[in-house]
Amino acid sequence: MQNLTQDGQQLVNNLSAKYNLSYDAVMHMLIAVNNGCGTQAQFNCPELGGAGQWMRGGMTMVGDMFNYGLKMTVDNLCSELSNGLANLQVFVKIPQGMPGSSEWWPGNLGNPFSTGAQNNIRYAVFPNRLAVELNGQVTVYDTLDHSIGGVSQQQGGDSSLTFSSQYGTISVNSLPIISGQGTPPAPQQNFAEPIQPQYHQTSPNNPSQAFQNPTPSTSSVDEAIQLIEKLAKLKEIGAISDEEYHAKKTELLNRI
C-alpha cells in the first residue's frame with residue numbers, strides 16, 4: 001500500500017469523520033478511485049454495501065441497489081476523493097516506472113496524451129507507443145500507424161485488450177512488442193462445424209433414386225421444371241413407370 005502524505009492523511013481523516021466511516025473504509029475507496037485514475041472506482045467495501053462501482057458524472061452502483069442514501073454517500077465520497085487526488089499530493093510519490101507509481105510507464109516514453117484503467121489493467125498512449133500494465137507487469141507496444149482512440153478490456157474475465165483506430169477495432173496482441181511479456185491472448189472460441197451438404201448416389205439399377213430427398217434448391221420454379229423434364233425423359237425410355245413419374249412430379253410441384 002502506498003504511504004500517505006500529510007495532506008493525504010488529513011483528507012482521509014476529514015472524510016472519515018464527515019461520512020461517519022472507518023479509516024479503513026475511506027482508505028479502501030481512496031485506493032479504488034486512485035486505481036481508476038480519479039474518474040472511476042471498482043470497490044468491495046462492507047461498510048458501503050459490498051461490491052459496487054462509481055463513475056465521475058455517471059452512474060453509481062452499490063450492493064444494496066435501492067438504498068439511495070448509500071448511493072449518495074458513495075458518490076459524494078468518491079467525488080471528494082477524486083478532487084483530493086487532483087489537487088493534493090495525497091500519496092508519497094514513487095519514482096516513475098516503479099511498481100505502485102501513478103506514473104507506472106517507463107520514463108523514456110515521456111508524458112502520455114491518454115491514460116485509463118479497467119479492472120486489473122492500466123494503459124497509457126504515447127506517440128507511436130502503447131504501454132499496458134497487467135498485474136504490475138508493464139508491456140510497451142509499437143502502435144505503428146494506428147491512431148488510437150481508446151483501449152478496452154474484453155468482458156467475461158479474460159484479460160485480452162482491443163483498441164479503436166482508423167482501421168476499426170484491433171487486438172493489442174497484434175502490435176509488435178518493444179519491451180515486456182505482452183498480455184494473454186483471448187481464449188479460443190469453439191464454433192460448431194458447418195453442416196456438410198448430403199449427396200445421394202444414384203444407382204444405375206434405380207434411376208428414380210436421383211430424385212429422392214430433393215434438396216431445398218428444388219424449391220425454385222426453374223429447377224423444379226428442369227427436374228420434371230428429366231423425369232419425363234426417364235419415363236419415355238422406360239426407366240421409371242407412369243406412377244413414379246406422376247408421384248415425383250406432384251412432389252416437385254408441391255415444393256414450388
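User: Why is the contact of Lys248 with Glu251 called a salt bridge?

Analyst: A salt bridge is a side-chain nitrogen of Lys or Arg within 4 Å of a carboxyl oxygen of Asp or Glu. The closest N and O atoms of Lys248 and Glu251 are 3.9 Å apart, so the pair meets this definition. The model is predicted: local features need pLDDT of at least 70, side-chain atom pairs count only at pLDDT 80 or more, and totals for chains, interfaces and linings use all residues. Residues are numbered from 1 along each chain as its sequence is written, and side-chain values use heavy atoms, with hydrogens and water left out.

User: How are Lys248 and Glu251 placed in helix H5?

Analyst: They are three residues apart in helix H5 (residues 242–254), and about one helical turn separates them. Helices (H or I, at least four residues) and strands (E, at least two) are DSSP runs, numbered from the N terminus.

User: What makes Lys248 buried and Glu251 partly exposed?

Analyst: Buried means under 20% relative accessible area, exposed over 50%, and partly exposed in between (1.4 Å probe, protein chains only). Lys248 has 19%, so it counts as buried. Glu251 has 28%, and therefore counts as partly exposed.

User: How many salt bridges does this rule give?

Analyst: The count comes to four. One of them joins the side chains of Lys18 and Glu80, at 2.6 Å from N to O. Lys18 lies in helix H1 (residues 6–18) and Glu80 in helix H3 (residues 68–87), so this pair ties together parts that are 62 residues apart in sequence.

User: Which class does the relative accessibility of Lys18 give, and which that of Glu80?

Analyst: Lys18 has 56% and therefore counts as exposed. Glu80, at 26%, counts as partly exposed.

User: What makes Glu133 and Arg122 a salt bridge?

Analyst: Their closest N and O atoms are 2.6 Å apart. Glu133 lies in strand E5 (residues 129–134) and Arg122 in strand E4 (residues 121–126), so the pair ties together parts that are 11 residues apart in sequence. Both Glu133 and Arg122 are buried.
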